[in-house]
Amino acid sequence: MFPKIVLTGLLAVIPFDGLALQAQPFIPNDVALTNPKISVQDIEFDIQGARLTWQDRVGNLWIADVNPQSGVITPPTGQGQRLDKGLAPLQQTNNGPEWAWGQPSAQIVYTKLINNEFYVARAFQASGITGSWTTQVLPNTATYFSPIGSKNPQDVTPQILSYSRSLSPIAWNITNNLLTTPGGVLNNPYLSQGITSIQGLKGGRWEIGNGIETDFGFAFQIPVNGYDQIAHYDTLTKTVNQISFDSTQKANAFIWEAPEYNNDLVVFATVNDTTIQVWRNVNNAGLWQLITTINPPNARPFVNSPEPFVYKGKSYIFYLRAENTGTSNIKGPSDLWFSSIIPDSLGDSSLDRQVSIGTLTRSDPEYFSYDPQSLTNPDGKYPLYLYYAELAQGLAGVIDGTRIIHRCDTGL
C-alpha cells in the first residue's frame, strides 16, 4: 500500500481529460460553542480586540476571548472576566451591552439599574487593549437606557445614542481618557446633543466605517402618514433627511460605507418584515437611490434581526428567515442566511446563502472577523463567521429560555 502522502501527490498531477474543474458547493458547518448549562445571551463582538461582551440573567457584565482563526469562544461559558454588576434586566431594556469602537481600544456601553432607575454606563481601557478595565456611570444619564455605540474604529471620541423613559433621545461624545484635576475630581468629558427635532424616533444605528462621513450620523425610523420610513440624522447639522417614501412599513435600519460603491453611504431596512431594501447616498451628496431588494428563496416568510458586514471589499447582510416576525423570534423556527448587496445588473454575481443547519428556534445573529488594523473592511486574512443563539428546549420540548451560541462558516 502506498503511503497516503504519495497517493495524494499523484492525484494532484494526473490530468482529467474532458472534465472541467468546478467550484465545490457550499456545505454549511453549524457548531454549538457555549456550555448548554449557561445561558449566554445577546453577545456583541469587538472586531479590534477578538473578544465579545454580554450580560447574564442576574445583571453581571462579562467579556470573553474569541479565537481569530477558529472563531471559538473561550471559555465556553462566556464568563472570561466579570467587569460590572447591577445591569438592568434585558426584559426591561430590550438590548444588552454594546461596543463603541474607537482608539486606543473599543469600550462597552450598557444600562445600569440604580435605585430602580436607568443610567448609562461604560467599561473602558484607558491605556489600550492590554490595560486594566475601569467602569463608570455617565453623568446626567438618569432615565436613559439601551445605549448604542458608534462604529468608527479610528475614532478617538466615540459617540453613543440613548433613549429615555420620559425625555427626548440624546447623543453624547465620549472619550477613553478620564481627565482629572490635581485633586482627583473628574472633568466632564461629555458633550450632550439633545435630538429634539425628531418626533417618534425608532431604532437608531450609527454609520459604520472609517471615512470622513462616518460617525456624524445615524439611520432610524420615523412615522410618516401612518408608515414607518427610513431617515438619516446628521449630528453636526442636526438635520433629518428622509430616505424612503413608499407606502410600506420599514424597520431595522442600518447604515455603512460600501466599498463597492466608492465608499458611499448605503442604508438598508426590512420592508413589511418580509424583504430587505437597500438605498445608496450617491456621491454622499444627499441623493438617496434604491439599488436592490433582497428576497432569497426560503419557505419561511419573515426577515428578522438583519445586520450588515463588509468583507474583502464587498457588503453583505445577514438575517434570520423566520416563521414569525419579531426581533426575538421565540415563537417558531428560523434559518440563518446572508446575502450580498450587489444587484445582478452591475455584472457582479449576487449571493444568497443559508449557513445554519436543522430546525431550531434561533435569535440574535451576529458576525465576527478579527480586524486588527481597524479598517471595518477585512482583507480575508482572518475568516468571517456568523453566530446565533439557539433557544434550547427543556422538558417536553418546551423552550426554557436557555441560549446556546452557535458558530456558522460562511464560505467567503
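Author: Happy to! The protein has two helices and 29 strands, where helices (H or I, at least four residues) and strands (E, at least two) are DSSP runs numbered from the N terminus. This is a predicted model, in which local features need pLDDT of at least 70 and side-chain atom pairs count only at pLDDT 80 or more, while totals for chains, interfaces and linings use all residues. Residues are numbered from 1 along each chain as its sequence is written, and side-chain values use heavy atoms, with hydrogens and water left out.

Now to the pairs you asked about. Side chains of opposite charge can pair when their charged atoms come close. The structure holds 11 salt bridges, each being a side-chain nitrogen of Lys or Arg within 4 Å of a carboxyl oxygen of Asp or Glu.

Let us start with Asp-46 and Arg-51, whose side chains meet at 2.8 Å, N to O. Asp-46 and Arg-51 are buried; buried means under 20% relative accessible area, exposed over 50%, and partly exposed in between (1.4 Å probe, protein chains only).

Glu-117 and Arg-165 also form a salt bridge, with 3.1 Å between the closest N and O atoms. Glu-117 belongs to strand β9 (residues 117-124) and Arg-165 to the loop between β12 (159-164) and β13 (170-173), so this pair ties together parts that are 48 residues apart in sequence. Glu-117 counts as partly exposed, at 22% relative accessibility, and Arg-165 is partly exposed too, at 44%.

Next come Asp-335 and Arg-362, which meet in a salt bridge at 3.9 Å, N to O. Asp-335 is in strand β25 (residues 334-340) and Arg-362 in strand β27 (residues 362-368), so the pair links parts 27 residues apart in sequence. Both Asp-335 and Arg-362 are buried. They also belong to a network: salt bridges that share partners join them with Asp-30, Arg-300 and Glu-323.

The average pLDDT (the predictor's confidence in each residue, from 0 to 100) is 84, and 81% of the residues score at least 70. Over residues 1-21 the pLDDT is below 50, and this stretch has one contact (heavy atoms within 4.5 Å) beyond near neighbours in sequence. Residues 177-190 also stay under 50, although the model has 25 contacts for them beyond four places in sequence.
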